There are 2 protein chains.
Amino acid sequence: MTRLAYRFRDPALAQLALTHRSAGKPNNERLEFLGDALLGVVVAELLYEAHPHASEGELSRLRAQLVNGQALAVIARELELGDELKLGSGELKSGGFRRDSILADAFEALVAAVYLDAGFAECRAVVRSLFEPLVAAIPRSSKDAKTRLQELLQGRGWPLPQYELVDSHGEDHAKTFDVTCEITDPMPIRAEGRGSSRRAAEQEAAETVLRQLQDLQD
Amino acid sequence: MTRLAYRFRDPALAQLALTHRSAGKPNNERLEFLGDALLGVVVAELLYEAHPHASEGELSRLRAQLVNGQALAVIARELELGDELKLGSGELKSGGFRRDSILADAFEALVAAVYLDAGFAECRAVVRSLFEPLVAAIPRSSKDAKTRLQELLQGRGWPLPQYELVDSHGEDHAKTFDVTCEITDPMPIRAEGRGSSRRAAEQEAAETVLRQLQDLQD
């Protein structure tokens with residue numbers, strides 16, 4: 001526990017978090033369930049703050065980049081959790097302390113252990129200190145949705161999107177614009193956007209088309 | 001907001017949480033991302049407490065039962081969120097305020113709004129008060145894994161599992177038992193379990209077989 005910026009009041013919790021199921025029961029599997037959820041919320045909040053203009057889809061995508069087995073194993077190695085794992089003899093021989101999944105699970109369990117030991121504020125602080133540099137390293141998508149959509153289509157040699165104003169309504173000082181964005185390749189997609197300016201409506205429509213394109217690729 | 005046991009310091013947050021994307025931007029989509037994660041952790045903790053013997057797989061399954069679009073829409077209706085939704089004119093005409101997905105999303109967003117308004121403790125209390133009765137209503141699986149596996153197989157007319165002790169090691173006062181559990185129908189599955197008693201090892205092996213059977217059915 002030397003590397004984690006937290007000192008456990010109840011060291012048994014830390015021990016449990018580092019006990020792999022190969023060592024028998026009780027082990028860290030239940031803590032892992034709780035820790036996964038805690039990581040999810042703390043990283044969600046970090047991204048929510050750091051990317052005030054990102055859509056829900058973008059936030060989800062960014063979180064999946066930061067919170068997955070491989071990424072968590074990197075953190076677990078920085079914390080040198082491998083040296084402190086309690087493994088069964090089989091896993092010990094086959095080098096389980098180096099395995100991504102075992103390391104990632106132990107890290108998740110450790111996050112839950114901090115929560116149970118000291119509460120949310122402490123757990124959040126520990127997780128934020130680990131993830132803040134990673135969130136800061138994400139290139140801030142300064143490009144707007146229309147630009148990203150155009151670049152994506154051009155990169156594939158597909159035709160550019162067509163934007164069309166379909167409606168505008170409301171008083172002059174509070175007008176609302178309805179715009180469609182339409183592409184033909186790789187398949188026909190048409191989305192509507194609404195905004196207080198034509199440009200804002202176009203951005204929203206482009207964002208929706210981009211998301212649908214990304215969903216196709218997933 | 002009359003039905004939610006929480007009074008917002010910043011009513012604009014509640015307004016935002018109840019604004020569907022059909023009403024333009026800003027809307028509740030980003031809050032929904034955060035709220036989904038918050039619900040996940042608070043319900044995870046409730047289940048972790050209420051089911052101290054449930055495996056990670058069982059906890060995940062129970063949470064998916066409680067936190068999904070349909071279940072959240074039920075809560076949203078109890079809170080009468082439909083009456084307070086801000087929808088675009090299209091959704092308004094087509095009855096969007098009655099739609100499960102729109103109601104569930106608004107509820108998630110509202111959970112995030114409470115968090116941003118007052119912090120985790122308050123948000124946790126609100127979510128717990130809504131989910132505690134639901135968690136309490138889950139039939140407590142008092143049956144152990146061996147019994148559940150046996151009942152499942154008997155119910156389908158499949159042969160009963162075979163348990164076999166494959167190894168025991170360690171000093172007499174701290175012996176470890178390795179046991180296999182094997183079934184033939186609906187397909188051959190064999191799992192190992194380890195424990196400080198033969199019975200404990202059998203339970204663990206049965207649990208793994210049960211989980212694999214459940215994965216097959218998903």
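Me: What percentage of the 218 residues of chain A count as buried?
Reply: This is a predicted model, in which local features need pLDDT of at least 70, side-chain atom pairs count only at pLDDT 80 or more, and totals for chains, interfaces and linings use all residues. Residues are numbered from 1 along each chain as its sequence is written, chains are lettered from A and ligands numbered from 1 in the order in which they are written, and side-chain values use heavy atoms, leaving out hydrogens and water. Buried means under 20% relative accessible area, exposed over 50%, and partly exposed in between, with a 1.4 Å probe and protein chains only. By that criterion, the buried share of the 218 residues of chain A is 49%.

Me: What is the radius of gyration of chain A?
Reply: Chain A has 9 helices and 3 strands, where helices (H or I, at least four residues) and strands (E, at least two) are DSSP runs numbered from the N terminus. The globule rule, 2.2 Å times the number of residues to the power 0.38, is compared with a radius taken over C-alpha atoms. For 218 residues the rule gives 17 Å, and chain A lies well over this, so it is more spread out than a compact globule, with a radius of gyration of 23 Å.

Me: How are helices α2 and α3 of chain A oriented to each other?
Reply: Axes are lines fitted to C-alpha atoms, for helices over the stretch in contact, and angles run from 0 to 180 degrees between N-to-C directions. Helix α2 (residues 29-50) of chain A and helix α3 (residues 56-66) of chain A have axes 10 Å apart and an angle of about 125 degrees. Angles under 35 degrees count as roughly parallel, over 145 as roughly antiparallel, 65 to 115 as roughly perpendicular and the rest as oblique. Therefore α2(A) and α3(A) are oblique.

Me: At what angle do the axes of helix α2 and helix α7 of chain B cross?
Reply: These helices span residues 29-50 and residues 120-137 of chain B, and their axes come within 9 Å. The orientation of α2(B) and α7(B) is oblique. Their axes cross at roughly 55 degrees.

Me: Is B:Glu122 buried or partly exposed?
Reply: B:Glu122 lies in helix α7 of chain B. Leaving aside residues up to four places away in sequence, B:Glu122 touches B:Tyr6 and B:Val114, a contact being heavy atoms within 4.5 Å. Because its relative accessibility is 34%, B:Glu122 counts as partly exposed.
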